[in-house]
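Here is a short report on a protein chain. Look over the sequence and the fold, then read on.

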Amino acid sequence: MKLHKGEILFRQGDTGPLYQLQSGLLKIVRAHEDGNTTLVNIIVPGETIPHHSLISPSPYYGTAIALITCDIEVLPAAKWYEELERSPEHFRVIARQLQDKLRMMHQRIDQLTEVTPAAKLMKMESWFQHYLGASKLTDVLTQEEIGQFIGLRRETVNRLLRENIKL
């Protein structure tokens with residue numbers, strides 16, 4: 001299936017199939033009771049989501065939204081879990097996927113632990129360029145989302161962008 005920028009793949013709290021992102025980028029946002037949302041994850045090509053449902057079903061933790069055009073393979077839940085029961089070697093594939101995601105999260109921790117806000121922003125931009133090509137970070141994420149992802153206030157991101165931090 002093809003999803004275009006801004007289209008929703010699934011909504012927080014719903015249940016349904018799993019998905020494998022073939023190309024593109026997705027963001028996972030979590031809505032809070034007060035209506036505010038928080039960017040909690042970026043999904044890159046090759047990932048199967050939702051991560052927390054790879055071994056057993058669970059409602060979607062957040063809402064998945066396309067950041068750019070995405071090609072996505074739908075993996076029906078019943079078939080996914082049946083194959084796990086029949087072929088335990090699939091657990092190794094899942095373990096590798098989770099390991100890759102853990103490594104990505106380590107990179108994100110490195111971004112968060114940079115001393116200066118400018119360094120945090122530059123590391124984030126560098127990581128995203130691997131997936132965005134010619135597009136700019138600000139073409140796919142708001143200043144608020146950038147700040148949420150690297151632990152900065154939106155105002156700080158705005159100031160850094162005005163000071164010509166290369167994005």
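Helices (H or I, at least four residues) and strands (E, at least two) are DSSP runs, numbered from the N terminus. Pro50 lies in the loop between strands β6 (48-49) and β7 (63-66). A cis peptide bond joins Ile49 to Pro50, with omega about 0°.

This is a predicted model: local features need pLDDT of at least 70, side-chain atom pairs count only at pLDDT 80 or more, and totals for chains, interfaces and linings use all residues. Residues are numbered from 1 along each chain as its sequence is written, and side-chain values use heavy atoms, with hydrogens and water left out.

**The whole chain**

The protein chain holds 6 helices and 8 strands. From the N terminus, the order is β-β-β-β-β-β-β-β-α-α-α-α-α-α. The radius of gyration is taken over C-alpha atoms, and the globule rule is 2.2 Å times the number of residues to the power 0.38. The chain's 17 Å agrees with the value near 15 Å for a compact globule, because that is what the rule gives for 167 residues.

| Property of the protein chain | Value |
|---|---|
| Accessible surface (Shrake-Rupley, 1.4 Å probe) | about 9400 Å² |
| Carbon and sulfur part of that surface | 52% |

Contact means heavy atoms within 4.5 Å. Of the contacts with a separation of 6 or more, 69% are between residues 24 or more positions apart.

**Helix α3**

Helix α3 covers residues 117-132, 16 residues in total. From first C-alpha to last, α3 reaches 22 Å, close to the expected 22 Å. That expected span is 1.5 Å times one less than the number of residues.

Buried means under 20% relative accessible area, exposed over 50%, and partly exposed in between (1.4 Å probe, protein chains only). Buried residues make up 40% of the 167 in the chain. In α3 the buried set is Ala118, Ala119, Lys120, Leu121, Met124, Glu125, Trp127, Phe128 and Leu132. These buried residues pack against β5 (37-43), α2 (90-112), α4 (137-140), α5 (143-150) and α6 (154-162). An α-helix has 3.6 residues a turn, so residues three or four places apart point the same way.

Is Leu121 buried or exposed? Leu121 counts as buried because its relative accessibility is 0%. The C-alpha atoms of Leu121 and Ile55 are separated by 35 Å, and the two residues are 66 apart along the chain. After α3 comes Gly133, with a positive phi near 65°.
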